[in-house]
Amino acid sequence: MAPRVLISDALSPAAVQIFKDQGVETDFQPNLGKDKDKLAEIIGNYDGLAIRSNTKVTAKLLEKATRLKVIGRAGIGVDNVDIPAATGRGIIVMNTPFGNSITTAEHAIAMMFAIAREIPAADASTQAGKWEKNRFMGVEITAKVLGIIGCGNIGSIVASRANGLRMRVIAFDPFLTPERARELGVEKVELDDLLARADFITLHTPLTPQTKGIMSAENLAKTKKGVRIINCARGELVDENAMRAALESGQVAGGAFDVFSEEPAVKNPLFGLPNVVCTPHLGASTTEAQENVALQVAEQMSDYLMRGAISNALNFPSITADEAPKLTPFVALAEKLGSFAGQLTESEIRKVTIIYEGAVAELKTKALTAAAIAGFLRPILSDVNVVSAPVVAKERGIVIDEITRAAEGDYESLITFSVTTDKQERAVAGTVFQDGKPRILSIKGIKVDAEFAPSMIYVTNEDKPGFIGRFAGLLGDAKVNIATFALGRDAPGGSAIALVQVDGDVPPSAIDKIQTLPGVKQAKALRF
Ligand SMILES: NC(=O)c1ccc[n+]([C@@H]2O[C@H](COP(=O)([O-])OP(=O)(O)OC[C@H]3O[C@@H](n4cnc5c(N)ncnc54)[C@H](O)[C@@H]3O)[C@@H](O)[C@H]2O)c1
Ligand SMILES: O=C(O)CC[C@@H](O)C(=O)O
């Protein structure tokens, strides 16, 4: 029986033909994404689901998706897909990186012009027969400072267009190397510097815990008075109430918003202001971009459903059927070690070294390295997957060293992932036990023995009496239940590590309090 794909968002119809040519049946219901009950009712009949951003693929929906093997996102952001839930059900999630980057960068530039010259308001006034020539006084773009927050695929295209417009381009992106910044013709700066200097600010980061609310009341107060701000990335990067206040006070002279914290946005704090221009998430909406992403997603999904080939998957490396059984547990280990390091990395990355010792060194280490790098970069970049991760790392000037050698210690197989940043080197090592579960065996050379768990707390501290009692008491007060507790230290009274598995999410306030305990050097909540 031919596999069946449900297209539940407005994909270019070109996709339907590709599926058909490849022997895949399609059911094209472009508005179904908005009707979650109907979607839940029928999702059990399909092997594939092709979507844009209207369809929300939640864990609840996936419970009904008993036949589903692949979700294809015709676009970049996959924040509308619960990837851990899909992974848990063995469903591949793939996206189409790059296909809409130029189009979205062009939208950001168009929005910048729209607010610089108040084009939408001037159009409405003129067509209303008012001819208000004196009401609209714009600003020139030439020689103005454009601050780009997030200089990845889209941000760097915006930079090249802005350079062509003779703007002065500065960028805040902790992961942008000085070499890449030079290549792009942008000045790499710190966030506060960008806020203080930019005449225009444009946002191009993924939505992560670090970028959520990056345009907060506090940061808006640090901007140059009269700044104009454009957001074509994700709505939650902006504190919309604080932004409204800044637009009303004149601190921000104009705002252009393509994305909103709640979409579809039918009501929003940013609506109704004269100096604001809004579009309904149109960043990727050009014929060219929609054809690119629709054709690419149809080809990728057909390849997987008809031939088992995997490309641009966010949750699985490319592996043949023969290699899979031996490799799979080590893929999980490599990805988790990378993720551990990625979640703790907050400055410019210079180099990653992955050492494979013993039996694991005989496996397909390239796939393991790809999985480790994907795990490492995922907390930092929006569209990284196991296929693109090594290329993305290379483009960003991150040197990756892969070393294979015979077993030197107690374990049959050992993987060590170490990352060198401009500030420090951090190494984390692990293995897979007989039960097939990955385990962490050492962090920064300090021995520990812990399983990975969905929610963990990592603490480094001075090895002094009283810490554990105070730490556990604090978690108890925060109603955080400890499941397992692993400890390690380099020497009595030296540096110590606690790696704690907890039930459920850890409130950020609990981490802040742990950070203030005597002797604590670092505390962080980790998700796996
Ligand atoms: N409006 C639309 O229709 C539309 C279309 C496409 C993409 N997008 C969104 O645009 C955004 C950018 O997409 P992209 O393809 O350029 O992603 P990308 O991964 O290529 O680039 C993101 C950049 O943000 C940087 N970054 C990560 N954390 C940061 C932080 N804390 N501070 C500053 N910079 C940080 C990364 O280093 C990277 O360079 C995403 O949110 C994506 O979902 C929107
Ligand atoms: O599909 C769309 O229209 C939006 C796509 C965009 O938000 C993306 O992340 O690729």
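Hi everyone, thanks for coming. One thing before I start: what you see above is a predicted model.

Let's begin with the whole chain. Its secondary structure comes to 17 helices and 22 strands. How compact is the chain? The radius of gyration is 25 Å, close to the 24 Å that the globule rule gives for 528 residues, so the chain is as compact as a globular protein of that length.

Now for the inside. Of the 528 residues, 45% count as buried. As for contacts, take those between residues at least 6 apart in sequence: 66% of them join residues at least 24 apart.

With that picture in mind, let's zoom in on two helices, H16, residues 467-477, and H17, residues 508-515. Their axes lie 10 Å apart, and the helices pack at an angle of about 160°. Angles over 145 degrees count as roughly antiparallel, so that is how H16 runs relative to H17. The crossing of the two is right-handed.

Which residues make the contact? On the H16 side they are Phe471, Leu474 and Leu475, and H17 brings Ala510, Lys513 and Ile514. Sorted by class, that contact has five nonpolar residues, no polar ones and one charged.

Technical notes
Residues are numbered from 1 along each chain as its sequence is written. Chains are lettered from A and ligands numbered from 1 in the order in which they are written. This is a predicted model: local features need pLDDT of at least 70, side-chain atom pairs count only at pLDDT 80 or more; totals for chains, interfaces and linings use all residues. Helices (H or I, at least four residues) and strands (E, at least two) are DSSP runs, numbered from the N terminus. The radius of gyration is taken over C-alpha atoms; the globule rule is 2.2 Å times the number of residues to the power 0.38. A residue is buried if 20 or more other C-beta atoms lie within 10 Å of its own, exposed if 12 or fewer, and partly exposed in between; C-beta atoms are placed from the backbone. Two residues are in contact if their C-beta atoms, placed from the backbone, lie within 7 Å. Axes are lines fitted to C-alpha atoms, for helices over the stretch in contact, and angles run from 0 to 180 degrees between N-to-C directions. Angles under 35 degrees count as roughly parallel, over 145 as roughly antiparallel, 65 to 115 as roughly perpendicular and the rest as oblique. A crossing is left-handed if the near helix is turned anticlockwise from the far one by less than a right angle, and right-handed if clockwise. Ala, Val, Leu, Ile, Met, Phe, Trp, Tyr, Cys and Pro count as nonpolar, Asp, Glu, Lys and Arg as charged, and the others, Gly among them, as polar.
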